[in-house]
Amino acid sequence: MDSIPPFGGFGLGLRRQHYADFLAGEVPVDFVEVISENYMVDGGKPLRVLEEVRAKHPVALHGVSMSIGSAGGIDPAYLDRLKRLAERIEPLWVSDHLCWTRTSAHNSHDLLPLPLTRDALDVACANVDQAQNHLGRAMLIENPSSYLTFPEDELTEWEFIGEMARRTGCYLLLDINNIYVSACNHGFSADDYLAGLPLDSVRQIHLAGHTPATKERPVVIDTHDRDVCDDVWALYARAMSMLSVPVATMIERDDNIPPLADLLHELDEARAIAAGASDKGAGESIAA
Amino acid sequence: MNPSADLGGLQQAFMAQVLDEDAPLPHGWGKRHAVGMSVYRGNYRSALVEAMRSTYERTEKWVGEAAFRRAAAHHLIAHPPSSWTIDDAGAGFDRTCAELFANDPEVAELAWLEWTMLEAFTAPDVAPLDLPGFSAATSGFGDEDWADMRTTFLPGSRARVLAHDLRAIWKVLGEEDLVRPQFEIEGDTGCLVWREGERATFIMVEADEARAFEAMRQGSSYGEVCMTIANEGDQSDSAQSDAAMRAGAMLGHWLNEGLIAAID
């Protein structure tokens, strides 16, 4: 399996509300990310738009329905469609989530949590192997946000992910907001999480907004419907200072989509933080 | 012990919790789990209902948001999704509407139209046969060749016999103020749906044309369609001739509208 070289760009998710902006002019991004399933279709406007955008920008394919954690394995027909799309678009990489979405009978279309057990790790690794072999390329797997943990858990999430990356050779998509959300919901340290991951496997970072907990609903929810909050920016800065290879950073907005200019402004903030972390890292390296 | 068997059991139980708010929590789960599960249940329902609102925008406007949300929730409980694409959550919603809006049968027809247009929107890209192409394909045809001729229509194109004027309903649903038009009609009418370039579209046609289109789409020959039309009239020679004329007019209509992809 070919390795995925580091790519230190800054990008946005391509959303229908911004199609015209991306088709009409030069949007100052280094790449765009698209939801794979929206383009795993036979024809029509979505594919034409994606191909036009692809002519201007590198594209990352980000899936939500592969169901890496399904006990029943991954649907080969799904992988066939994804492979056709990847061959057509020639993406930077293909990613999906460490979660499960379906059983043999139903699909929840939600990113459901895996028990962090060694048995579940075996299943996830087998499925990542299946997907990578079918697609003929290494994948990026994203850490999830979650709202409950299982009594059966045997590993921390970072131990689970680190072992999965080691065994399958997959790369990581590090969602900083998801770490923050799950740390709030389950009471672990976000810094322990970062420190426990094989950070040299990270190729992309997601930044997003979330809905804070309330007294009535004591759970932080990963809604992607608002700006990135200060705590997540701070965690991003710490993550960037720990990374030894360039990684791509993306603002992930899925709901309450603002004008493109607002998202570009947030992306500029990410650029500034990354540059600061890079300068600081270089300074520390020199001092050492 | 088989790891996937254990995990499979856990996932079946978890999915049952997501789908059914009344399902009891698994043994050993406490209040913290109940709170987390309520988030997953909420995410499941809201994502799917929003997907259906996107697919059935005009149907929702016609029946009102509250009634649509109830109908969508009913549909999702009766038909939990199984496909990899969330768009498919709306499959078969016209049949659900036929049950739930039995006194307003135009609702089911409108839902069918929106679903069919969604399918046409992302159907495979195939260029329609133009008039010179059709002429070239049929230039050497004798009577038997015409009788045996079959057509391949653009992918995603469909026809259906209807009892309401969906064109009138569709037009007012595109306007800001919904003033209900006269949509009841006497007898049957028909509708052709396809994708014109990148835009899914439809036209109203006579019911016999919708039946003929569906018959040929499903493999009937041109001769069989002519026979069907003739059998709907009397058995006189003029009726036979009229049927041939009618079938020819339909074929010309489909060709002019760009619905025919190939002649077989």
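How many residues does the contact take from chain A and from chain B? The contact takes 46 residues from chain A and 38 from chain B, contact meaning heavy atoms within 4.5 Å. The model is predicted: local features need pLDDT of at least 70 and side-chain atom pairs pLDDT 80 or more, while totals for chains, interfaces and linings use all residues. Residues are numbered from 1 along each chain as its sequence is written, chains are lettered from A and ligands numbered from 1 in the order written, and side-chain values use heavy atoms, without hydrogens and water.

**View 1. Interface of chain A and chain B.** The buried area is about 3,600 Å², with 67% from carbon and sulfur atoms; it is the accessible area (1.4 Å probe) that the two parts lose on being put together, summed over both. One salt bridge is counted between the chains (a side-chain nitrogen of Lys or Arg within 4 Å of a carboxyl oxygen of Asp or Glu). A:R48 and B:E198 form a salt bridge, their closest N and O atoms lying 2.5 Å apart.

**View 2. Barrel of chain A.** Strands β1 (residues 10-13) and β10 (residues 248-251) of chain A pair over three bridges. A:L12 has A:I251 as its bridge partner in β10(A).

**View 3. Helices α2 and α3 of chain A.** The axes of α2 (residues 45-56) and α3 (residues 76-89), both helices being DSSP H or I runs of at least four residues, come within 10 Å.

Terms used. Two strands pair if DSSP finds at least two bridges between them. Helices (H or I, at least four residues) and strands (E, at least two) are DSSP runs, numbered from the N terminus. Axes are lines fitted to C-alpha atoms, for helices over the stretch in contact, and angles run from 0 to 180 degrees between N-to-C directions.
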